[in-house]
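Welcome! Take a moment to look over the sequence and the model, and then let us walk through them together.

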Amino acid sequence: MTEYEILDVIVSRFSSMTEQASLYFALVSGYLITAYLVGAKLTRLQVSVVNGLYVVWVLGIIGGYTTTVGAVLDLETALVALAKTSSKVSNTLYAYSFAVVQVVGLLASILFMWSVRHPKE
C-alpha cells in the first residue's frame, strides 16, 4: 500500500469510529429516556428483555470500536514503517480510553434504571 492509501483507510476508520460513537450515544440516550419515563412501570420480564438487548447491543458497539482502534493503530505502525521515520504512533492507552468511557456509561445507565425501579422512600 502507498502512503496515500494507508492514510485514506485511516480516515475511513476514523469515520467508522465516529459513526459507532454516535450510535452508542443514541442508544444510551434512548435507554435513559425509557428508564426515566417508564422504568418504574415495567415488569421484571420487560426490564430483563430491555436490559439484555441493551447490554448486548452496546457491547457489540464497543467491540466494533475497539476492533477499529486496533486496526488504526496497526495502520499507523505501517505508515511509520513505510515513511521510514521514527515518528511515534498513537498512544494505545489514549486510543482505547473512549472504550473505557463507554463501558462506564453502560454500567452507569444500568445503575440509573435500577435506581428508577428501586427508589428510596
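## Before we start

Helices (H or I, at least four residues) and strands (E, at least two) are DSSP runs, numbered from the N terminus. This is a predicted model, in which local features need pLDDT of at least 70 and side-chain atom pairs count only at pLDDT 80 or more, while totals for chains, interfaces and linings use all residues. Residues are numbered from 1 along each chain as its sequence is written, and side-chain values use heavy atoms, with hydrogens and water left out.

## The largest pocket

Helix 2 gives the most to the lining of the largest pocket, with 5 residues. Helix 1 (3-38), helix 2 (44-83) and helix 3 (92-117) each supply at least two residues of that lining. A pocket here is an open set of points on a 1 Å grid over the protein atoms alone, where a 1.4 Å probe fits, with protein on both sides within 12 Å along at least five of seven lines; lining residues have an atom within 4 Å of a point.

In total, 12 residues line the largest pocket, and Phe-14, Met-17, Tyr-65, Tyr-94 and Ala-95 lie nearest its centre. The lining divides into 9 nonpolar, 2 polar and 1 charged. For this count, Ala, Val, Leu, Ile, Met, Phe, Trp, Tyr, Cys and Pro are nonpolar, Asp, Glu, Lys and Arg are charged, and the others, Gly among them, are polar.

## Helix 1

Helix 1 has 36 residues and reaches 52 Å from its first C-alpha to its last, close to the 52 Å expected at 1.5 Å a residue. That expected span is 1.5 Å times one less than the number of residues.

Among the buried residues of helix 1 are Ile-6, Met-17, Tyr-24 and Ala-35. Buried means under 20% relative accessible area, exposed over 50%, and partly exposed in between (1.4 Å probe, protein chains only). Val-38 also lies in helix 1; Val-38 counts as partly exposed because its relative accessibility is 33%.

## Helix 2

Helix 2 has 40 residues and reaches 58 Å from its first C-alpha to its last, close to the 58 Å expected at 1.5 Å a residue. After helix 2 comes Lys-84, whose phi is positive, near 55°.

## Helix 3

Where is the kink in helix 3 centred? The kink, of about 30°, is centred on Phe-98. A bend at a residue is the angle between axes fitted to the seven residues ending there and the seven starting there.

The buried residues of helix 3 include Ala-95, Gln-102 and Val-116.
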